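Follow the stops in order.

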Amino acid sequence: MVVHWHEWSAMLQVPTRDVPPFSELLTASPPRPAHANGNGEPCIALIGPDNEETRTLAGLLGNLGHLPQFTLYAQDAIPVLPSPPRLIIADIDATEGNVAALCHSLRQSPAGSEPYILVIASPEYEAAALSAIDSGADDVLIKPVSAQNLRLRLSIAERLLLLREGIAR
């Protein structure tokens, strides 16, 4: 199989690497989760108001294996983010519906230019959530947030982040 792979790659002029022996693959350390930083800790910034709903969201993230770093949002100020987070989850309620300004500010900051931005919105802010997409958000999740729906969105975010990294290489 590997011989054919090398033949086809040479014929198509696609660069390939040698496949390590299976015994090496078995003894290799498992890959670090893509949502983790260099210290092995998850890199999710959670921007939201300091309330029960945000703590519940942080609990859902914890149940899914993530440890978000909580950041309060102040109007007309770029949130201080862990540098750089892979994923930013922003609660539109924290911005009082002005999530477009938040997304624009994040995308202009060094820590906010690369991450995936997931905006969580109450049904009354659904129209404002659409403006968030125009201002740089990658996805919107309408409340109430279920663990299953959050897990789905996080999986999508991870896939897109991996694709972006692959394109950048």
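Select V119. Leave out its neighbours within four places in sequence, and V119 is in contact with A90, I92, V99, C103, A132, A137, D139, V140 and L141. Keep in mind that this is a predicted model.

**The core**

Now widen the selection. The largest nonpolar core has 17 residues. V119 is among those with the most contacts inside this core, together with I92, V99, C103 and I117. Colour β1 (44-47), β3 (87-91), α4 (99-108), β4 (116-121) and α5 (126-134): each gives the core at least two residues. Helix α4 supplies the largest share, four residues.

**Around D138**

Next, select D138 and R107. Their salt bridge has its closest N and O atoms 2.8 Å apart. D138 sits in the loop between α5 and β5, while R107 is in helix α4; the two are 31 residues apart, so the pair links distant parts of the chain. Is R107 buried or exposed? R107 is buried, at 18% relative accessible area, because the cut-off for buried is under 20%. D138, at 27%, counts as partly exposed.

R164 is partly exposed, at 33% relative accessibility.

**Helix α3**

Move to R55 and E52. Their side chains meet in a salt bridge, at 3.7 Å from N to O. Both are in helix α3 (residues 52-63), three residues apart, which puts about one helical turn between them. E52 is exposed, at 53% relative accessibility; R55 is partly exposed, at 46%. Include D50 as well: D50, E52 and R55 are linked in a network of salt bridges. The whole structure holds nine salt bridges.

**A cis peptide bond**

Zoom in on K143 and P144. The peptide bond from K143 to P144 is cis, with omega near 0°. Most peptide bonds are trans. P144 lies in the loop between β5 (139-142) and α6 (147-168).

**Last stop: the surface**

Select W8, M11, L12 and V14. These residues form a nonpolar surface patch, with about 460 Å² of accessible area together. M11 is in helix α1 (residues 2-12). Its relative accessibility is 56%, so M11 counts as exposed.

Technical notes. Residues numbered from 1 in each chain as written. Predicted model: local features only at pLDDT ≥ 70, side-chain atom pairs only at ≥ 80, totals over all residues. Heavy atoms only, no water. Core = buried A, V, L, I, M, F, W, Y, C linked by side-chain atoms within 4.5 Å. Buried < 20%, exposed > 50% of the residue type's maximum accessible area, 1.4 Å probe, protein only. Contact = heavy atoms within 4.5 Å. Patch = residues over 30% accessible without salt bridge, like charges linked within 9 Å, V, L, I, M, F, W, Y side chains within 5 Å. Areas by Shrake-Rupley, 256 points an atom, 1.4 Å probe, with all protein chains shown as cover. Salt bridge = Lys/Arg side-chain N within 4 Å of Asp/Glu carboxyl O.
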